[in-house]
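Hi,

Here is the structure I promised to send over.

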Amino acid sequence: MALTGLDIFKITPKTNCKDCGNPTCMAFAMKVAQGAIPLDKCPHISDEVRAKLDEATAPPMKTIKIGAGENEHTLGGETVLYRHDKTFVSKSLYAVAVSDGYSDEQNETAFADIAKIDYERIGERMRVDAIFVDYASDSAKFLDLVKRANDMDRALIISCSDADIAEKALEIAGAGKPVLSGANASNFEAMNALASKHGIVLGVTGADLNELHDTVEKLEKAGNKNLVLDVTMGNIKDTFAATVQVRRASIKDGDRTFGYPSIVNTARIAAGDRDMQSALASLFTVKYGSVIVMEGMRYADALPLYGLRQNIFTNPQKPMKVEPGIYALNGADENSVCALTVDFALTYFVVSGEIERSGVPVNLLITDAGGYSVLTAWAAGKLSASSIAKFFQEADIEGKIKNRTLIIPGKVAVLKGEIEDKLPGWKIIPSPPEAIQLVKYLRELDV
Ligand code: SF4
């Protein structure tokens, strides 16, 4: 169970020396209990006590790394059941399944579709994170698929409960640190030896949660805590129940045996039904799939799914912001027109994208508005004629830019007069209200 602030306070030196940057040992202890600062900020706690406390204050769910190099991903490390309680930590990964049990056509389509999804949204690259290579019965075809998947520059999950065949797959793909999934009640010793030999994460399965729990206990007893839990059961209902129960057991009940990230295989519980798999991928992004496997990923599936994931896995306590300053777009220089907006990341990426699409050189001025959108910032008093004038002064806009035309967001056209008073010599023009109108507007702008 997580320690309370009082538990932690008891082991501090209680000298209130402030070396940790806190006024008292009690204040320090409360922050450690909330996870706001690490224990090692106090230099006066002995290594022995620290080691014991590190174990006790570690997140209830382990942080597990899969893949290597640019394809390394972090799973788990979660501390809350609900995002609004604090934040979710490690985003769900989307994996596309290929299998020797599928037709060649299905596998080819899956590989081709993986390559097609690669785009950027709000500064994040969106692509299929992992390939799930599933062994059914044809070892030659399976190993050929492992080779193909290994060449695709993605993290791999090798799903195979036959240790001999899994060993051959790892000879091909072991260097990329794949997950070896398929340890169960009857093969866990051989699979554990294989995962340990290659230094990789072992995926554990079970016929039900009791069997899964027992197998994980045995693996932990054998010294392996580098695990993920495949919580896929026989159907959608049981899989959803298992996924939620495992997460609740680790976070709420402090059951560290279930304190590992999960794999949910929608390709198994909704085989052949791609629309259902898309719907399930959304469900398990919210609750609580660490790796979500699908039979394929079409571009049209990816757009809403990655948008959902990006929303769920941002910290609700921290607005998504970009740095205030001058962003010269389309080769803008000191003679180019200026356009101003707020530092809310979504606003920045939408507005900058439309300006880039227009091809017109524009100095995009991003003002500090607390990470709020235009209307919210205006209503909260964080976007006003005074705040804009202050930004102009601090960023030395007039020293850096000779052009004296400033386009302001159409939604705050009401500020035009006040801004003209604060920035004498500037021509202030409200833009159209929607960013999508900017392309035509800028191309036709005569300044
Ligand atoms: S550095 Fe340690 S001893 Fe000093 S105030 Fe912080 S917690 Fe207390």
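For the cut-offs, a residue is buried if 20 or more other C-beta atoms lie within 10 Å of its own, exposed if 12 or fewer, and partly exposed in between, with C-beta atoms placed from the backbone. Leu-375 sits in helix 14 (residues 374-379). From Leu-375 to Tyr-299 there are 76 residues in sequence and 32 Å in space, C-alpha to C-alpha.

Before going on, please keep in mind that this is a predicted model: local features need pLDDT of at least 70, side-chain atom pairs count only at pLDDT 80 or more, and totals for chains, interfaces and linings use all residues. Residues are numbered from 1 along each chain as its sequence is written.

Now the overall picture. The chain has 18 helices and 17 strands; these are DSSP runs numbered from the N terminus, with helices being H or I of at least four residues and strands E of at least two. Its C-alpha atoms fill a box of roughly 80 × 70 × 35 Å along the principal axes. Of the 447 residues, 38% are buried. Among contacts with a separation of 6 or more, 64% are between residues 24 or more positions apart (a contact means C-beta atoms, placed from the backbone, within 7 Å).

Three domains are assigned: domain 1 (5-57), domain 2 (63-312) and domain 3 (325-444), with bounds from an automatic or database domain assignment. The centres of domain 1 and domain 2, taken over C-alpha atoms, are 36 Å apart.

What surrounds the ligand? There are 13 residues around it, and the closest are Cys-17, Cys-20, Cys-25, Phe-28 and Cys-42 (to be near, a residue needs its C-beta atom, placed from the backbone, within 6 Å). That shell has six nonpolar, five polar and two charged residues. Here Ala, Val, Leu, Ile, Met, Phe, Trp, Tyr, Cys and Pro count as nonpolar, Asp, Glu, Lys and Arg as charged, and the others, Gly among them, as polar.

Asn-16 is worth a look too: its phi is near 50 degrees, a positive value in a residue other than glycine. Asn-16 lies in the loop between helix 1 (5-11) and helix 2 (25-34), and counts as partly exposed because it has 14 C-beta neighbours inside 10 Å. Asp-396 also has a positive phi near 50 degrees. Asp-396 is in the loop between helix 15 (385-394) and helix 16 (397-400), and is exposed, since 10 C-beta neighbours fall inside 10 Å.

On to the strands. Strand 1 runs antiparallel to strand 2 (residues 73-76), joined by four bridges (pairing takes at least two DSSP bridges). Thr-63 stands opposite Gly-76 there. Six residues lie between the two strands of this hairpin, where Gly-67 has a positive phi near 80 degrees.

Finally, there is an open five-stranded sheet with mixed pairing, in the order 13-15-14-16-17. Strand 13 (325-329) and strand 17 (427-430) are its edge strands, each pairing on one side only. Within the sheet, strand 14 (residues 337-342) and strand 16 (residues 405-408) pair in the parallel sense over two bridges, with Cys-338 opposite Leu-406.

Cheers

Conventions. Two residues are in contact if their C-beta atoms, placed from the backbone, lie within 7 Å.
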